[in-house]
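Please keep the sequence and the structure in view while reading.

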Amino acid sequence: MKLIFLLVMTSLGLLFSTSLRAEEGNVAAPTVTPEETETISPFENDAYIGPKILINAAARKLRLYEGSRLLKEYDIAVGSPRYPTPLGERLMKQVIWNPWWLPPDSGWAKGAKDTPPGPNNPLGPVKMDLGEAILVHGTNKPGSVGFAASHGCMRLRNEEAK
């Protein structure tokens, strides 16, 4: 199954791309107000009718679409100012259930140990690989959801991630 993620943010609100094919490039639409984001689907003119996810990092929201129809909306945690969530279009590469957390080779994870699946795992029960070490995943810190608190990934509450 193909699932397209579009990660977007501007300091003024939602910015979205009408192009969902990497080889076609991104065509940015004008910035819209927060009120307008409730009624505008960024996928209305897209030929691909399968599932798509739009992440508005500024609003800390993940929206699941089927074609241009909004199915669900979830609060998420995004990257902190020091480790911002990278923006742009991505294709989900893999979904891994009950993942191990393997500390990245980064200063913030120095001394951390591999963590098996379970309640202490920072990834929760599932991780969705968006490439370049960026994930959408559950969390063992549900209080972080709704905040800029991660190291670049997007966190969902575990039940919502499932």
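This is a predicted model: local features need pLDDT of at least 70, side-chain atom pairs count only at pLDDT 80 or more; totals for chains, interfaces and linings use all residues.

Are Glu159 and Lys162 buried or exposed? Both residues are exposed, and their side chains meet in a salt bridge with an N to O distance of 3.0 Å.

**Salt bridges**

| Pair | N to O distance |
|---|---|
| Arg63 and Glu73 | 2.5 Å |
| Arg157 and Glu160 | 3.6 Å |

The side chains of Arg63 and Glu73 meet at 2.5 Å. Because Arg63 belongs to strand S3 (residues 61–66) and Glu73 to strand S4 (residues 69–75), this pair ties together parts that are 10 residues apart in sequence. The two partners fall into separate accessibility classes: with a relative accessibility of 7%, which is under 20%, Arg63 counts as buried, whereas Glu73, at 34%, counts as partly exposed. In the pair formed by Arg157 and Glu160, whose closest N and O atoms are 3.6 Å apart, Arg157 is partly exposed at 31% relative accessibility, and Glu160 is likewise partly exposed, with a relative accessible area of 29%.

**Overall fold**

The protein contains 1 helix and 11 strands, and when the elements are read along the sequence the pattern is β-β-β-β-β-β-β-β-β-β-β-α, so that the helix follows the strands. Of the 162 residues, 44% are buried. Among contacts with a separation of 6 or more, 50% are made by residues 24 or more positions apart. The accessible surface of the protein amounts to about 9000 Å², and carbon and sulfur atoms account for 54% of that area.

**The largest pocket**

The largest pocket holds about 610 Å³ of space and has a lining of 24 residues, among which Trp101, Pro104, Trp108, Leu135 and Cys153 lie nearest its centre. By residue class, the lining consists of 12 nonpolar, 7 polar and 5 charged residues. Strand S8 (126–129) and strand S9 (135–137) each contribute at least two residues to this lining.

Pro104, one of the residues nearest the centre of the pocket, is found in the loop between strand S7 (94–97) and S8. This proline is partly exposed, its relative accessible area being 34%. The C-alpha atom of Pro104 is separated by 9.8 Å from that of Asp114, a residue 10 positions away along the chain.

At 71% relative accessibility, which is over 50%, Glu132 counts as exposed.

Arg60 also has a positive phi, of about 60°, although it is not a glycine. Arg60 lies in the loop between strand S2 (51–56) and S3, and with a relative accessible area of 26% Arg60 is partly exposed.

Terms used
Residues are numbered from 1 along each chain as its sequence is written. Side-chain values use heavy atoms; hydrogens and water are left out. On a 1 Å grid over the protein atoms alone, a cavity is a set of points where a 1.4 Å probe fits but cannot get out, and a pocket is an open set with protein on both sides within 12 Å along at least five of seven lines; lining residues have an atom within 4 Å of a point. Grid points are joined across faces, edges and corners, and a volume is the space filled by probe spheres set on the points. Helices (H or I, at least four residues) and strands (E, at least two) are DSSP runs, numbered from the N terminus. Ala, Val, Leu, Ile, Met, Phe, Trp, Tyr, Cys and Pro count as nonpolar, Asp, Glu, Lys and Arg as charged, and the others, Gly among them, as polar. A salt bridge is a side-chain nitrogen of Lys or Arg within 4 Å of a carboxyl oxygen of Asp or Glu. Buried means under 20% relative accessible area, exposed over 50%, partly exposed in between (1.4 Å probe, protein chains only). Contact means heavy atoms within 4.5 Å. Accessible areas come from the Shrake-Rupley method with a 1.4 Å probe; for residues, only the protein chains shown count as cover.
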